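Q: Hi! Could you walk me through this model?
A: Happy to, let's start with how the inside is packed.

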Amino acid sequence: MALENGEKVEVGLSVVAEAKAKKKDWVVLSLRVVAFFATASATLVMALNKQTKSFVVANVGNSPITATLAAKFNQTPAFVFFVVANANASLHNLVMIAMDVLGPQYDYKGLRLLFIAILDMMAMALASAGDGAATFMSELGKNGNSHARWDKICDKFQTYCNRSGAALVVSFIGFILLLIISVMSIIKLLKPNRINHASP
């Protein structure tokens, strides 16, 4: 009788643990979906960012001479890296969402959790590097650098700078979500009961 009660308690605890694990899996999946939209939006906004303006560069008599200049993201290597980093994060989250939906049937001896944790950290690190590089160039474009005599451009290309700033804000949101996801992936990896649950 005591053995039966013990088995019932053990089964009950197992069911509760399984329910909590599934709930947290849905939390991670939701965070991945939001992170995907954030990084994908940042990628598209920056990749499509372009502004063309005409400036008067000289006057010949009463006739002004104008020059047309264009500001594009691909003119700045840091912005190109930003687009690549966020595109990679978007692809990573899309693949991870597919893996979460498909479930553990493609697991091999519990290694799925290990690979997910490693890939999450790599995507987060790359997104962080891209955000940092783009933030530095954005600050330079907004304020210039008087010591190096680099002029600011945001007073001339306001729309371009505003779109870049919006892409940065959304990308940082995606980075924060990636950081949270990475922490949750590591916690999930380090708990033996969840590894066993992932690899029946």
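Q: Which residues have the most contacts inside the largest nonpolar core?
A: Met46, Phe73, Phe79, Phe82, Val83, Ala134 and Tyr160 do, in a core of 14 residues. A nonpolar core here is a set of buried Ala, Val, Leu, Ile, Met, Phe, Trp, Tyr and Cys residues joined through side-chain atoms within 4.5 Å. Please keep in mind that this is a predicted model, where local features need pLDDT of at least 70, side-chain atom pairs count only at pLDDT 80 or more, and totals for chains, interfaces and linings use all residues. Residues are numbered from 1 along each chain as its sequence is written, and side-chain values use heavy atoms, with hydrogens and water left out.

Q: OK, rings next. How many aromatic pairs are there?
A: Two. Rings of Phe, Tyr and Trp (its six-membered ring) pair if their centres lie within 6.5 Å; planes under 30 degrees apart count as stacked, over 60 as edge-to-face and the rest as tilted. Phenylalanine 36 and phenylalanine 37 have ring centres 5.4 Å apart and planes at 65 degrees, so they are edge-to-face. Phenylalanine 79 and tyrosine 160 make a tilted pair, at 6.5 Å centre to centre with 55 degrees between the planes.

Q: Where do phenylalanine 79 and tyrosine 160 sit in the chain?
A: In distant parts, 81 residues apart: phenylalanine 79 is in helix α2 (residues 77–102) and tyrosine 160 in helix α4 (residues 158–190).

Q: And is phenylalanine 79 buried or exposed?
A: Buried, at 5% relative accessibility. Tyrosine 160 is buried as well, at 3%, whereas phenylalanine 37 is exposed at 53%. The cut-offs on relative accessible area are under 20% for buried, over 50% for exposed and partly exposed in between (1.4 Å probe, protein chains only).

Q: Switching to cysteines: which ones form a disulfide?
A: Cysteine 154 and cysteine 161, with sulfur atoms 2.0 Å apart; the rule is a pair of cysteine sulfur atoms within 2.5 Å. Both cysteines are buried. The S-S torsion is about -90 degrees, so this disulfide is left-handed.

Q: Last one: where does UniProt place the "transmembrane region" feature?
A: The unreviewed UniProt entry gives residues 26–48, 78–99, 111–130 and 166–187. UniProt positions are in the numbering used here, feature names are shortened, and annotations may be inferred rather than shown by experiment. In the model, residues 78–99 are 100% helix and 0% strand, with end C-alpha atoms 31 Å apart.

Definitions and conventions: Helices (H or I, at least four residues) and strands (E, at least two) are DSSP runs, numbered from the N terminus.
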